[in-house]
Amino acid sequence: AGPLREALQEAREWVDEPGVLLAHQLGDFLLRVEGDSMIGDGILAGDYVLLRPGVAPQNGEIAAVQAHDEAGGEYFSTLKHLHFENNNKRIRLKASNARYDDMIFPADQVEVAGVFRGLLR
């Protein structure tokens, strides 16, 4: 919870399993999943997702993002499929659970923290 930047700087757990982060020199990191918005992709609450920062996500890829909610004036973090629309001027964040509506933001209000590269359960 809270701004993703804070979550990344204030790690609560360290995973030091040999072979888990084979590309750790690339800056890969794990985030623990909360909620059920990505269950259609087999990503469950309590899972760890392996994310790679500094990679431009392809249309439809899963990524951890921080978005600016203009209505509430706050940032929030989420893991969703990213869909680029309107010549990349708009981003649709899509869950893989039909209970959740899509969220649409101007591209300049979405910051990609890392692109999904694996799952630990």
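Student: Is phenylalanine 76 buried, exposed or partly exposed, and what is its relative accessible area?

Tutor: Keep in mind that we're looking at a predicted model. Buried means under 20% and exposed means over 50%, with partly exposed in between. Phenylalanine 76 falls in that middle class, because its relative accessible area is 23%.

Student: Which ring pairs with phenylalanine 76, and is the pair stacked, edge-to-face or tilted?

Tutor: The structure holds one aromatic pair. Its rings belong to phenylalanine 76 and phenylalanine 105, with centres 5.8 Å apart and planes at 45°. Planes under 30 degrees apart would count as stacked and over 60 as edge-to-face. At 45°, the pair of phenylalanine 76 with phenylalanine 105 is therefore tilted.

Student: How many residues apart in sequence are the parts that this pair ties together?

Tutor: Look at the strands. Phenylalanine 76 sits in β4, while phenylalanine 105 sits in β6, which covers residues 103-106. So the pair ties together parts whose separation in sequence is 29 residues.

Student: Is leucine 51 buried or exposed, and at what relative accessibility?

Tutor: Look at what surrounds it. Beyond its neighbours within four places in sequence, leucine 51 is in contact with Asp28, Phe29, Leu31, Ala64, Leu79, Gly114, Val115 and Phe116. Leucine 51 counts as buried, because its relative accessibility is 0%.

Student: Which residue's backbone oxygen lies 2.7 Å from a polar side-chain atom of histidine 81?

Tutor: Start with where histidine 81 is: strand β4, residues 74-85. It counts as buried because its relative accessibility is 16%. Leaving aside neighbours within four places in sequence, its contacts include Met38, Gly60, Ile62 and Arg92. The backbone oxygen at 2.7 Å belongs to glycine 60.

Student: Where is asparagine 87, and what is its phi?

Tutor: Asparagine 87 is in the loop between β4 and β5. It counts as exposed because its relative accessibility is 71%. Although asparagine 87 is not a glycine, its phi is positive, about 55°.

Student: And asparagine 88: what is its phi?

Tutor: Asparagine 88 lies in the loop between β4 and β5 as well. With a relative accessible area of 53%, it is over the 50% cut-off and so counts as exposed. It is not a glycine, yet it has a positive phi of about 65°.

Student: Zooming out, what pattern does the chain follow along the sequence?

Tutor: Count the elements to begin with: the chain has one helix and seven strands. Of its 121 residues, 32% count as buried. Reading along the sequence, the pattern is α-β-β-β-β-β-β-β.

Key: Residues are numbered from 1 along each chain as its sequence is written. This is a predicted model: local features need pLDDT of at least 70, side-chain atom pairs count only at pLDDT 80 or more; totals for chains, interfaces and linings use all residues. Side-chain values use heavy atoms; hydrogens and water are left out. Helices (H or I, at least four residues) and strands (E, at least two) are DSSP runs, numbered from the N terminus. Buried means under 20% relative accessible area, exposed over 50%, partly exposed in between (1.4 Å probe, protein chains only). Contact means heavy atoms within 4.5 Å. A polar contact is a pair of N or O atoms within 3.5 Å; within protein, one must be able to donate a hydrogen and the other to accept it, and residues adjacent in sequence count only if both atoms are side-chain atoms. Rings of Phe, Tyr and Trp (its six-membered ring) pair if their centres lie within 6.5 Å; planes under 30 degrees apart count as stacked, over 60 as edge-to-face and the rest as tilted.
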